[in-house]
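Student: I would like to learn how to read this model. Can we go through it feature by feature?
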Amino acid sequence: MKPPPFDYLRADTLDEALDALAAAGPDARVLAGGQSLLPMLNMRLVRPTILVDVMRIGALRTVEARGGALEVGAAVRQVELERRADLDQTQPLLAAALRWVGHAQTRNRGTVCGSIAHADPSAELPLALVALGGEIRLRSRRKRRVVAAETFFAGSMATERRDDEMIESVTFPLRKPGTGYAFREIGRRHGDFAIVACAALVDATSARLAIGGVADRPVARALPLPGPDLDEALDGFAWSLEARDDIHATARYRRDLVRRLGRQVIEEAARCRG
Amino acid sequence: MPRLGADRRHEVRFTLNGRPVEGEAEPRMLLTDFLRHVLGRTGTHVGCEHGVCGACTVQIDGAPARACLTLAVQVEGAEIRTVEGLAPAPDRLSVLQESFRAHHGLQCGFCTPGILMSLDELLSRRPDASEDDIRHQLSGHLCRCTGYAPIMKAALDAARRLRGEGETAADA
Ligand SMILES: Cc1cc2nc3c(=O)[nH]c(=O)nc-3n(C[C@@H](O)[C@H](O)[C@H](O)COP(=O)(O)OP(=O)(O)OC[C@H]3O[C@@H](n4cnc5c(N)ncnc54)[C@H](O)[C@@H]3O)c2cc1C
Ligand code: FES
Ligand code: FES
């Protein structure tokens, strides 16, 4: 299992990277942490003609809290965010979700933006971004644009990103006082992709639940607060996701997890409101 | 902005276990193959080549990572540490290696180089690592022989010894 041949560009600046993407179009791939791209190359699921390594672009290495959100640049590795001492305070949902992303050995290399770009339907970071209502900042040679997470994910490993665009950064809204957050997932083993992952936000008047691993992309929905109406609403949400049977779990089991785990995270988030 | 062509080999230089090394690699060459075939350092093992088994784990700039998910050209200028760099002298083992030996932390030894590189980093970053911390670090490794219990024992014993809390007791 060896990658097919490709050119390799070690970009020093954002302009170099964007020029290369503009020139090569669909034949180019951004190389970030390589933790999803290298397996795909080794298995020859993709055959780009050029890889554009963006990890040495200094301008993409920043994590900044501003305008009520945490902005994470494209060259920031998952471990860097995970080890921020204040993350539990500034965005507890993101802190909880990060611990479920692969293993320490993959988080040491993998980037936050790479996981968003890869858009695996079971991945934790796209789920957290959708749950929180975050944004993706895209940039090409010609223009910049900002896309809301809920419209960015277009299907399994498909996004609104155009071939000549790269993700420059993503922004996670910071914790709001009076809102509680919770995250849980069920997988076969720790570090495996989720069979079902749930993220919840609860404030004084409403709950919001986002589900990963069931539909072809993470999906969020407003739900009632814990009480008599919640079970029925969860059931409706579970059926709307059109779960399918696969080698990991049956559709029925997935729906059941949405109902049970969904209730648990909403209740936990309600308890954490502070 | 070096652009390295697909059909040629290019000079790659980095530090391996404290010493500068160099060799030639096509852009598509994996770090595992560069270490083993170009540099002849076969201590790093190759299992699955898609990031799952952990046999190929090395330290890249101090952080345990999959060499099979890393291109040789990506580590230009980096500091790489492999299992060959653990022993303090040719005739001595590191504390972690000694503990593995004493507690039968290996049988066939296929998974061992990767596991040692992960645990070595954990124990130096967190000398007080708990059993839970060690389990989390080990979740990134598969061992088909030991059933993990002896590996846990070895890791916990090494942690104690590295903190200066007593000798390896060869298992009773
Ligand atoms: C054993 C193992 C277990 C894993 N388990 C999980 C898990 O449980 N949950 C999970 O979510 N992930 C998991 N992953 C994948 C995760 O580790 C990756 O880090 C992540 O999916 C991709 O991030 P990356 O930086 O490695 O991106 P890369 O692999 O470098 O790139 C992935 C894709 O995104 C594109 N891309 C990357 N960055 C950008 C950018 N800035 N702009 C545009 N396109 C870009 C690339 O071109 C490529 O198509 C696992 C991986 C392994 C090997
Ligand atoms: S060979 Fe690299 S993880 Fe299996
Ligand atoms: S000792 Fe044989 S795989 Fe671990």
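Student: Which residue is the bridge partner of V63(A) in β5(A)?

Tutor: Start with the terms. Strands (E, at least two residues) and helices (H or I, at least four) are DSSP runs, numbered from the N terminus. Two strands pair if DSSP finds at least two bridges between them. Here, V63(A) is bridged to V72(A) in β5(A). Four bridges join β4(A) to β5(A), residues 69-73, in the antiparallel sense. Two residues lie between these strands in the hairpin, and G67(A) takes a positive phi near 60°. This is a predicted model, where local features need pLDDT of at least 70, side-chain atom pairs count only at pLDDT 80 or more, and totals for chains, interfaces and linings use all residues.

Student: How are residues, chains and atoms handled?

Tutor: Residues are numbered from 1 along each chain as its sequence is written, chains are lettered from A and ligands numbered from 1 in the order in which they are written, and side-chain values use heavy atoms, with hydrogens and water left out.

Student: How many bridges pair β2(B) with β3(B)?

Tutor: Seven, and the pairing is antiparallel. β2(B) covers residues 10-16, and β3(B) covers residues 19-25. R13(B) stands opposite E22(B) in β3(B). This hairpin has two residues between its strands, and N17(B) in the turn has a positive phi of about 50°.

Student: Where is E168(A), and is E168(A) buried or exposed?

Tutor: E168(A) sits in strand β10 of chain A, residues 166-173. For accessibility, buried means under 20% relative accessible area, exposed means over 50%, and partly exposed lies in between (1.4 Å probe, protein chains only). E168(A) has 19%, so E168(A) counts as buried.

Student: What does E168(A) touch?

Tutor: Contact means heavy atoms within 4.5 Å. Leaving out residues up to four places away in sequence, the residues touched by E168(A) include L14(A), L60(A), V72(A) and R144(A). A polar contact is a pair of N or O atoms within 3.5 Å; within protein, one must be able to donate a hydrogen and the other to accept it, and residues adjacent in sequence count only if both atoms are side-chain atoms. The side chain of E168(A) makes such a contact with the side chain of R139(A), at 3.0 Å.

Student: How many salt bridges does the structure hold over all chains?

Tutor: First the criterion: a side-chain nitrogen of Lys or Arg lies within 4 Å of a carboxyl oxygen of Asp or Glu. Over all chains, the structure holds 36. One of them joins the side chains of R61(A) and E80(A), at 3.4 Å from N to O. This pair links distant parts of the chain, 19 residues apart: R61(A) is in the loop between β3 (50-53) and β4 (63-66) of chain A, and E80(A) is in helix α3 (residues 78-82) of chain A. R61(A) is partly exposed at 36% relative accessibility. E80(A) is also partly exposed, at 29%.

Student: Which residue forms a salt bridge with E150(A)?

Tutor: R208(A), with the closest N and O atoms 3.0 Å apart. E150(A) is in helix α9 (residues 149-152) of chain A and R208(A) in strand β13 (residues 207-212), so read this as a link between distant parts of the chain, 58 residues apart. E150(A) has 48% relative accessibility and counts as partly exposed. R208(A) counts as partly exposed at 23%.

Student: What about chain B?

Tutor: Take R163(B) and E165(B): their salt bridge has its closest N and O atoms 3.1 Å apart. R163(B) is partly exposed at 34%, and E165(B) is partly exposed at 46%. Back in chain A, salt bridges that share partners join D235(A), D256(A), R259(A) and R260(A) into one network.

Student: How many residues of chain B are in contact with chain A?

Tutor: 35 residues of chain B contact 33 residues of chain A. Buried area is the accessible area (1.4 Å probe) that two parts lose on being put together, summed over both. Between chain B and chain A it is about 3100 Å², with 52% from carbon and sulfur atoms.

Student: Which strands join chain A to chain B?

Tutor: β1(A), residues 7-10, and β1(B) run antiparallel and are joined by two bridges. Y8(A) has L4(B) as its bridge partner in β1(B).
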